[in-house]
Amino acid sequence: MSLPVLKNVVKNAVKTSYDCARCPAYCCTYARIAIEPRDLVRLGKHFGISPEAVRRRYTEDGEPGERILRHQKDKLFGSACVFLDLETRRCTVYNHRPGVCKSYPDSARCGYYEMLRFERKWQDDPELVVRARVL
Ligand code: SF4
Ligand code: SF4
């Protein structure tokens, strides 16, 4: 048994206290969603284009040495990842999404979702969207 498989089993066994299906995809609006070369390859296979074409079309420079996903305008949070469906609030490349998206939040808890759940309960509005920006 290899270590990565064991790690995955342990990670999947962690019970999470957030529900992405009930969230407006706040984490998909982070300004810097870093892309690795293997993400370009995976997305390229999905779109039927080269990794370089994915890089040019869907990414841009971030911090020095970093490549990040481009954004599109979003009425809820100002801007969001280019791959987010702005109506359904779901990822349009879910099965091919970058590694950083797969691992986030890498914890049993999500800070945004806890705030969202608290405010929905407090304001008695199950559809409430908490608009927050990290500056
Ligand atoms: S902000 Fe948290 S609950 Fe919302 S989609 Fe991201 S990980 Fe899921
Ligand atoms: S690739 Fe998908 S999961 Fe990742 S930030 Fe964009 S919309 Fe969200």
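## The model and its layout

This is a predicted model, in which local features need pLDDT of at least 70, side-chain atom pairs count only at pLDDT 80 or more, and totals for chains, interfaces and linings use all residues. Residues are numbered from 1 along each chain as its sequence is written, while chains are lettered from A and ligands numbered from 1 in the order in which they are written.

The chain has five helices and six strands, where helices (H or I, at least four residues) and strands (E, at least two) are DSSP runs numbered from the N terminus. Along the sequence they come in the pattern α-α-α-β-β-β-β-β-β-α-α. Of the 135 residues in the chain, 18% are buried; buried means that 20 or more other C-beta atoms lie within 10 Å of the residue's own, exposed that 12 or fewer do, and partly exposed anything in between, with C-beta atoms placed from the backbone. Among contacts with a separation of 6 or more, 53% join residues 24 or more positions apart; a contact needs C-beta atoms, placed from the backbone, within 7 Å.

Let's turn to α2, which spans residues 37-47 and has Asp39, Leu40 and Leu43 buried. Those buried residues fall within an arc of 100 degrees seen down the helix axis, so they line one face of α2; the arc is that of the directions from the helix axis to the C-beta atoms. The face turned away from the buried side carries the exposed Pro37 and Arg38. The buried residues pack against α3 (51-58) and α4 (99-103).

## Where α2 meets α3

The axes of α2 and α3 come within 8 Å and cross at roughly 95 degrees, with axes being lines fitted to C-alpha atoms, for helices over the stretch in contact, and angles running from 0 to 180 degrees between N-to-C directions. That makes the two helices roughly perpendicular, a label for angles of 65 to 115 degrees.

From α2, Pro37, Leu40, Val41, Leu43, Gly44 and Phe47 meet Pro51, Ala53, Val54 and Arg55 in α3. These residues divide into eight nonpolar, one polar and one charged; Ala, Val, Leu, Ile, Met, Phe, Trp, Tyr, Cys and Pro count as nonpolar, Asp, Glu, Lys and Arg as charged, and the others, Gly among them, as polar.

## Around the ligands

The shell around ligand 1 includes Tyr18, Cys20, Cys23 and Cys27, each with its C-beta atom, placed from the backbone, within 6 Å of the ligand. This shell has eleven nonpolar, no polar and no charged residues.

Around ligand 2 the residues include Cys28, Cys81, Cys91, Arg97 and Cys101. Here the division is ten nonpolar, no polar and one charged.

Notes
Two residues are in contact if their C-beta atoms, placed from the backbone, lie within 7 Å. Angles under 35 degrees count as roughly parallel, over 145 as roughly antiparallel, 65 to 115 as roughly perpendicular and the rest as oblique.
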